[in-house]
Amino acid sequence: MARHKATDILLVPTMTLVLLDELKQRSYDLSSLVAVISSGQRSPAAIWPEIRERFGPVELTTGYGMTEVTATTTATR
């Protein structure tokens, strides 16, 4: 994300947790990041404040949907 100046990322909660652990150990310039989308499975409640803390002021969206239909059929902000 830092190398390519990503503006948005789509993660499942498992990926988000790994990424948050990495950000606790190392610092990266994520200032280009505008949006974080979390979809694919239920997210632990504690993940949301930590995303805000580690990623900064990003648009945070969670998606829900069956794989058979599409990745996300419902989104919340």
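**A charged trio and its helix**

Reply: Let's start with Asp21, which counts as partly exposed because its relative accessibility is 41%. Here, buried means under 20% relative accessible area, exposed means over 50%, and partly exposed is in between (1.4 Å probe, protein chains only). Before going on, keep in mind that this is a predicted model, where local features need pLDDT of at least 70 and side-chain atom pairs count only at pLDDT 80 or more, while totals for chains, interfaces and linings use all residues. Residues are numbered from 1 along each chain as its sequence is written, and side-chain values use heavy atoms, with hydrogens and water left out.

Who does Asp21 pair up with in a salt bridge? Its partner is Lys24, at 3.7 Å from N to O. A salt bridge is a side-chain nitrogen of Lys or Arg within 4 Å of a carboxyl oxygen of Asp or Glu. Both residues sit in helix α1, three residues apart, which is about one turn of the helix. Helices (H or I, at least four residues) and strands (E, at least two) are DSSP runs, numbered from the N terminus. An α-helix has 3.6 residues a turn, so residues three or four places apart point the same way.

Lys24 is partly exposed too, at 47% relative accessibility. Its side chain also meets that of Glu50 in a salt bridge, 3.2 Å from N to O. That pair links distant parts of the chain, with Lys24 in α1 and Glu50 in helix α2, 26 residues apart. Put together, Asp21, Lys24 and Glu50 form a network of salt bridges.

Now follow Glu50 into α2, residues 47-55, where Ile47, Glu50, Ile51 and Phe55 are buried. They lie on the same side of α2 because they cover an arc of only 105° around the axis, and that arc is taken from the directions from the helix axis to the C-beta atoms. The face turned away from the buried side carries Pro49 and Glu53, which are exposed. Just after α2 comes Gly56, with a positive phi of about 85°.

The model has five salt bridges by the rule above. Another of them joins Lys5 and Asp29, at 3.4 Å from N to O. This pair links distant parts of the chain, 24 residues apart: Lys5 is in the segment before β1 (8-11), and Asp29 is in the loop between α1 (13-25) and β2 (35-39). Lys5 counts as partly exposed, at 45% relative accessibility, and so does Asp29, at 42%.
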